[in-house]
There are 2 protein chains.
Amino acid sequence: MSTDDEEVRQVMIVFTHPDHRLHDPTEPHRFGGTMLPPAEIAERADRVLQGLDHAGGFDLRRPPQVERDSLLDVHTDRYLTFLESAHSRWRVATGSPEHAEAVAYIRPVPGTPLTRPTHIDAELGIYSNDVDPILSGTWQAAIAAASCAAAAAEAVVGGERSVYSLSRPPGHHAAPEVFGGYCFLNNTAIAASRLARAGMRTAILDVDTHHGNGTQTVFWERGDVLTASVHGDPTVHFPFFLGHADETGAGPGAGANHNYPLATGTAWSGYSEALGAALDTIRRHKAEALVVALGVDTHVAHGVLALEGNDFGRIGESVAGLDLPTVFVQEGGYEAGVLERDVPAVLTGFLDRS
Amino acid sequence: MSTDDEEVRQVMIVFTHPDHRLHDPTEPHRFGGTMLPPAEIAERADRVLQGLDHAGGFDLRRPPQVERDSLLDVHTDRYLTFLESAHSRWRVATGSPEHAEAVAYIRPVPGTPLTRPTHIDAELGIYSNDVDPILSGTWQAAIAAASCAAAAAEAVVGGERSVYSLSRPPGHHAAPEVFGGYCFLNNTAIAASRLARAGMRTAILDVDTHHGNGTQTVFWERGDVLTASVHGDPTVHFPFFLGHADETGAGPGAGANHNYPLATGTAWSGYSEALGAALDTIRRHKAEALVVALGVDTHVAHGVLALEGNDFGRIGESVAGLDLPTVFVQEGGYEAGVLERDVPAVLTGFLDRS
């Protein structure tokens with residue numbers, strides 16, 4: 001149902017948790033040819049909240065803490081144990097202070113190891129594929145982010161039409177046993193698994209500018225959740241190793257993974273075509289619930305795709321056209337002015353057409 | 001034959017090449033909990049040369065350039081092509097200046113990729129397991145180091161009793177398709193392969209304080225070269241993922257790999273026992289030629305094992321007891337005073353007992 005009257009727009013529930021601040025890295029890290037200050041920082045959530053406040057019509061709530069066992073739908077037990085204890089083990093092993101940031105620097109030579117190492121520096125390399133730091137508060141922050149996503153899914157199971165999870169650190173690059181790309185727990189996958197467990201045919205639409213490699217890996221052989229991702233061509237963009245159109249799933253998940261890689265600099269006309277194809281796929285799947293992995297780093301300022309401010313409302317409108325109960329889970333978006341403007345634009349675009 | 005008369009000590013040929021200077025990193029890198037200045041720098045070779053000059057009795061020579069095709073005994077063609085072109089490709093892809101240092105930051109999620117990526121940032125992750133930089137001169141420096149090792153082996157094939165290859169960057173952590181641990185081309189493996197190809201039953205004795213994971217990987221399934229490594233326990237020391245006593249080779253190489261991991265802080269009494277066991281293994285193999293991967297980071301200053309200055313002469317003497325034509329190839333050793341004193345100590349210890 002569409003309405004042009006802003007005053008009667010529905011109110012959208014937003015789950016947010018202050019513990020996200022416990023993961024707020026400060027050390028520069030390598031990206032391509034430069035050392036960059038960290039981009040995935042606590043300030044991001046503040047900027048989104050400012051934008052939501054400015055747009056109006058959002059009902060902010062704090063989620064209950066997600067039960068650890070429910071995360072086992074997405075991550076392995078040993079990975080959760082690692083993530084929870086990594087920083088304190090690393091501090092002991094390296095004699096580092098509490099504020100120091102633990103970063104992997106050594107990986108196995110391919111085809112090895114023969115004996116699984118137990119040293120924390122080795123486990124950092126085993127359980128990550130990137131140079132992301134684990135801080136003393138990372139686990140608590142990641143749990144807070146996952147709690148937002150889980151609560152948003154539960155609200156939709158309980159009858160809400162649409163809910164936004166202001167999850168950070170984000171999640172869609174996190175695989176069952178891998179952190180990376182700023183992601184530790186896969187919030188999007190956690191939300192989708194909850195919906196699927198509740199008996200709803202569930203689809204994920206990932207509109208982050210980077211392929212949702214973690215999410216694809218989580219559901220690759222499952223088949224209970226359809227995954228569709230529209231993103232910059234991984235031939236030339238992060239995360240490089242996954243995201244091609246010919247990756248379609250395996251085993252019970254065969255045919256349930258759909259990638260729509262786009263050339264660098266693709267603007268709305270090309271983008272909307274891929275988005276339309278992804279939405280058609282979700283329609284054909286007869287999905288009963290949707291999780292949107294909501295990155296707004298498709299904005300031209302991020303140098304991958306070339307969406308502009310007005311296009312984000314159109315994304316929301318297009319998604320609303322599916323007419324599905326929808327959980328929006330925050331993923332990427334970093335450059336100045338983008339998060340505070342374009343996240344509310346997607347959500348209000350959705351609400352205005354719902 | 002042993003002699004106590006220094007004046008009649010044999011002269012040892014040393015192969016060294018000034019192009020090693022072309023790999024001289026300056027950017028700090030992560031190691032455990034800290035950002036450290038680079039340790040594997042051009043100055044290391046200068047310090048060794050000072051020590052050799054002070055000890056006397058060394059005949060310095062420049063090697064001919066090794067033929068690229070001969071490196072295919074140890075490395076794959078695509079890895080050599082990558083290493084040779086990596087820095088120029090990375091400069092183009094990232095817009096980096098010539099002096100910038102290319103470092104991997106993203107790896108595949110385990111079990112992937114499905115499509116082998118071609119982007120240089122992805123290939124840096126595929127072809128390395130560490131945070132080592134590739135500089136504009138790294139290939140040329142690595143070729144110079146390999147040329148020293150190859151020339152040393154050829155000299156032994158030609159009848160020299162012992163030759164020292166002042167190779168840097170070092171090599172024993174480099175696998176057929178992996179750079180890491182400061183190593184790009186596996187100089188030790190290149191020397192050993194040359195000896196084996198010349199028809200000599202060849203053994204490698206790796207006395208670097210870190211396990212020779214690259215060398216083990218090169219010969220793991222080959223069986224034409226016996227590998228023995230005495231090193232700090234990889235459970236708690238770099239390179240973590242390999243180096244345990246139960247790793248003994250596979251296929252034609254089954255039983256030809258021997259690891260002697262030692263507890264942190266092991267001093268000469270414990271060290272000499274493991275060294276003796278490694279030498280016995282080499283004796284039982286009826287080796288006709290030996291390559292010593294000569295790290296002197298077993299010195300207590302490096303915090304892994306606890307050898308002192310006098311022990312390095314004893315290592316040389318023990319190796320001389322094998323009475324084999326021997327190529328010494330420089331591997332690790334970094335802390336102040338160690339390289340310039342302990343490398344000559346090993347070599348003169350060897351010569352004094354030969």
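B:Arg68 is partly exposed, with a relative accessible area of 25%. Here, buried means under 20% relative accessible area, exposed means over 50%, and partly exposed lies in between (1.4 Å probe, protein chains only). The side chain of B:Arg68 meets that of B:Asp77 in a salt bridge, at 2.7 Å from N to O. A salt bridge is a side-chain nitrogen of Lys or Arg within 4 Å of a carboxyl oxygen of Asp or Glu. B:Asp77 is also partly exposed, at 41% relative accessibility. The model is predicted: local features need pLDDT of at least 70, side-chain atom pairs count only at pLDDT 80 or more, and totals for chains, interfaces and linings use all residues. Side-chain values use heavy atoms, without hydrogens and water, residues are numbered from 1 along each chain as its sequence is written, and chains are lettered from A and ligands numbered from 1 in the order in which they are written.

Over all chains, the salt bridges number 38. Another one joins the side chains of B:Arg353 and B:Glu317, at 3.6 Å from N to O. This pair links distant parts of the chain: B:Arg353 sits in helix H9 (residues 338-353) of chain B and B:Glu317 in helix H8 (residues 309-320) of chain B, 36 residues apart. Helices (H or I, at least four residues) and strands (E, at least two) are DSSP runs, numbered from the N terminus. B:Arg353 is partly exposed at 41%. B:Glu317 is partly exposed at 29%. In chain A, salt bridges with shared partners join A:Glu40, A:Arg44 and A:Arg168 into one network. A:Arg222 and A:Asp224 form a further salt bridge through their side chains, at 3.0 Å from N to O. A:Arg222 is partly exposed at 26% relative accessibility, and A:Asp224 is partly exposed at 33%.

Aromatic rings were examined next. Rings of Phe, Tyr and Trp (its six-membered ring) pair if their centres lie within 6.5 Å; planes under 30 degrees apart count as stacked, over 60 as edge-to-face and the rest as tilted. The structure holds 16 such pairs over all chains. One of them, A:Phe82 with A:Tyr127, is tilted, with 4.6 Å centre to centre and 35° between the planes. A:Phe82 lies in helix H2 (residues 77-94) of chain A and A:Tyr127 in the loop between helix H3 (120-126) and helix H4 (138-157), so the pair ties together parts 45 residues apart in sequence. Both residues are buried. A:Phe82 and A:Tyr127 belong to one aromatic cluster with A:Tyr79, A:Phe179 and A:Phe184.

The two chains are related by symmetry. A rotation of 180° with 0.0 Å of shift along its axis superposes chain A on chain B (RMSD 0.0 Å). The same surface serves both copies, since 100% of the contact residues of chain A recur in chain B. Contact means heavy atoms within 4.5 Å.

The contact takes 47 residues from chain A and 47 from chain B. About 4000 Å² is buried between the chains, and carbon and sulfur atoms give 67% of this area. Buried area is the accessible area (1.4 Å probe) that two parts lose on being put together, summed over both. Between chain A and chain B there are zero salt bridges.

Conventions: Least-squares fit on C-alpha atoms with pLDDT ≥ 70 in both.
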